[in-house]
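Let's take a walk through this one, stopping at a helix, a loop and a sheet. Have the sequence and the 3D view open as you read.

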Amino acid sequence: MEVIHSAPRSLFLPGTDSLARVRTTTKATPPPNFGTFHDAPRNSSRPIVVCVARKASVEIKEPSLVIRERQLGKFQVSEGHPAPFGATARDGGVNFSVYSSNAVAAALCLISLSDLSKGRVTAEIPLHPVANKTGDIWHVFLKGDFKDMLYGYRFDGKYAPEQGHYFDSSKILLDPYARAVVSRDEFGVVAQKDNCWPQMACMIPAAEDKFDWEGDLPLKLPQRELLIYEMHVRGYTKHESSGAEKPGTYLGIVEKLDHLKDLGVNCIELMPCQEFNELEYYKYNSVMGDYKYAIFVIPSEIHHVIMHVFMDVVFNHTAEGNEKGPILSFRGLDNSVYYMVAPKGEFYNYSGCGNTFNCNHPVVRQFIVDCLRYWVLEMHVDGFRFDLASIMTRGSSLCDAANVFGSPMEGDLLTTGTPLGSPPLIDMISNDPVLRDVKLIAEAWDAGGLYQVGTFPHWCIWSEWNGKYRDVVRQFIKGTDGFSGAFAECLCGSPNLYQAGGRKPWNSINFVCAHDGFSLADLVTYTNKHNLANGENNNDGENHNNSWNCGQEGEFASIFVKKLRKRQMRNFFLCLMVSQINYFRWDKKDEASSDFFRFCHLMTNFRRECESLGLNDFPTAERLQWHGHAVGVPDWSETSRFVGFSLVDAVKGEIYIGFNASHLPVTISLPERPGYRWEPLVDTGKAAPFDFLAEDLPGREVAIQQLAHFLDGNLYPMLSYSSVILILKPDLTSCS
């Protein structure tokens, strides 16, 4: 899921050339361009290789006189305003405002589109430290012709990495509050001389830049009803088999919305949409025999088909990396403010990507809130999933009470990175009048070992990616001993994690597979990771997958193993559909006629029809009864591989659901209900299309009749590694 317009958080951080038309004290060799703000591979063993030597600085000449207004070429220049941050069209011109507390000099650089491709600055406007500065905010107001004009900044100050400062006036920096950026003309095309890092710059807004939303309003579906589909925009329709007219684009998504509706999806979550350099890791891939690249749909188009739009946002790190990384934006603006740094300048690395965003610093947390507000108010986004959200609960660099809360308190200083019980950033988001009304989902852990699933500071509105659900379900379904009790908790919405804190089942975002680690198909095909095709020597990707190959490793396997794999995929999906809220990623590109698509389509419809599978609170004994092989006798022992339960449903009457994760078949007893009989609906042990006995299925009555000798005795036979759903129906054959 990707975006043409970038929000303030749209930080595609460009590298920067020393540009030609700049006043310099020393003629410097232009340094190479580096970097983007996006998800670097967390487990990659290959560091970003960059130049770290200090380049000859560019002199930023201070205006000789403090005057209220002056003419510079075709631009009329005046002092400007400190708020709002970023470039803002107003009063017949554009106001520029940017934060830096430690810089001693600054300049606004204007770059035309033609000069951008040539790597040079069109005009440079030095900012006076008195007239163009209020507190720690540098600002200037310009009037003139901004057609095809872009901008960036230079900042100068102390270059002392050991003190956490990286000012370098030879760098052109992106504005963190830029709403859009421009780089190469064509996606994935290498520039002349194999340059993978063309100069980038920020777009200057115009007063007429208004979008007509045509009355689009937030859907506000109850979260308990959401079925969330995680999507990579380019990957979703890029393959020619998608049949999309605009493959690999946002328009491609719009073309394929009906596919998602058929699947029962009512919310799509776009993986990080911000601008990035698709050629950051450009190199020859000897495995695939080609070069690899790293590459807005309008929410109203998705809202029209009754779907929410969530965004996956990454506020835990940037591509500037550690002390060996490039200077792109934040580092050159005010490194010690935007990053968690140790007293001797080292970077804390709770993200696993070389640096950690200093989320609870007052300036940084305001920046994050402003970004989120932009996406909600300007782009009509309905919710957010926060990557490595536990980083947002850690204390900031030099964290003390005055820094975090605005006033001193008794006690010792907090160590940088200490988890906070009431993190200021989470407090701000949770109580913001705009943001508290959207869906907020935390990935409640980070790469530094902080794991907060069930304990993330939530203000009763945050939900969590339930990583424990994923791990337990994978273990139980593949037949690992000791997980039957934990599996039952998962089916109920994990009350052991969320009930005591005042949250609901829908605060648990249940998932089996996502973008981290194995896909659903991989989960049943490989016991070990085989991540070779991307040329990273199997070093990247999740290692902890709790997977099982069903007897043979890899795609080439016996017919028996392939059948078992399909059964296990249906088991996982059925489990997800009968749990209390759901999140999944579609792994197959099959057409709607495929067996698995049909199964998923029917299961999502069934879930939507059942009142009991989307409860607003945790189920109680009045509604739910647990069973083992025998009715009312659940087996929670270490060796148990069976979990069954019956559920009273206001629409369906009563439902029986059972999971047999054993390698042995079993015949189970069903609850006796006088005047009624159990009718099978789903059995993953059956071959398609009899795995789901839909009302319009030819041969349905025959299939049910073949089981009559079991059902007449309230029994049902289950294969190994299978799951079933039966519905209680009036017994029309019984005597009155």
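**A helix on the inside**

Start with helix H10, residues 467–477: 10 of its 11 residues are buried, so the helix is largely enclosed by the rest of the structure. Keep in mind that this is a predicted model. The buried set runs Gly467, Tyr469, Arg470, Asp471, Val472, Val473, Arg474, Gln475, Phe476 and Ile477.

What do those buried residues of H10 pack against? On the helical side, there are H11 (484–491), H13 (520–523) and H14 (559–578). Strands S21 (462–465), S25 (642–649) and S26 (653–660) are packing partners too.

Now look at the ends. Asn466 caps the N-terminal end of H10, with a side-chain oxygen 3.2 Å from the backbone nitrogen of Lys468. Just after the helix, Gly479 takes a positive phi of about 95 degrees.

Next, hop over to Ser720, in the loop between strand S29 (715–718) and strand S30 (722–730). Is Ser720 buried or exposed? Its relative accessibility is 15%, so Ser720 counts as buried. Beyond its neighbours within four places in sequence, Ser720 is in contact with Arg567, Asn660, Ser662, His663, Leu664 and Pro665. Take His663: the C-alpha atoms of His663 and Ser720 are 4.9 Å apart, though 57 residues separate the pair in sequence.

Last stop, a sheet. Five strands form an open, antiparallel sheet in the order S6-S5-S9-S13-S12. At its edges sit S6 (123–127) and S12 (181–182), each pairing on one side only. S12 pairs with S13 (residues 201–203) in the antiparallel sense over 2 bridges, and Val181 has Cys202 of S13 as its bridge partner.

Terms used. Residues are numbered from 1 along each chain as its sequence is written. This is a predicted model: local features need pLDDT of at least 70, side-chain atom pairs count only at pLDDT 80 or more; totals for chains, interfaces and linings use all residues. Side-chain values use heavy atoms; hydrogens and water are left out. Two strands pair if DSSP finds at least two bridges between them. Helices (H or I, at least four residues) and strands (E, at least two) are DSSP runs, numbered from the N terminus. Buried means under 20% relative accessible area, exposed over 50%, partly exposed in between (1.4 Å probe, protein chains only). Contact means heavy atoms within 4.5 Å. A polar contact is a pair of N or O atoms within 3.5 Å; within protein, one must be able to donate a hydrogen and the other to accept it, and residues adjacent in sequence count only if both atoms are side-chain atoms.
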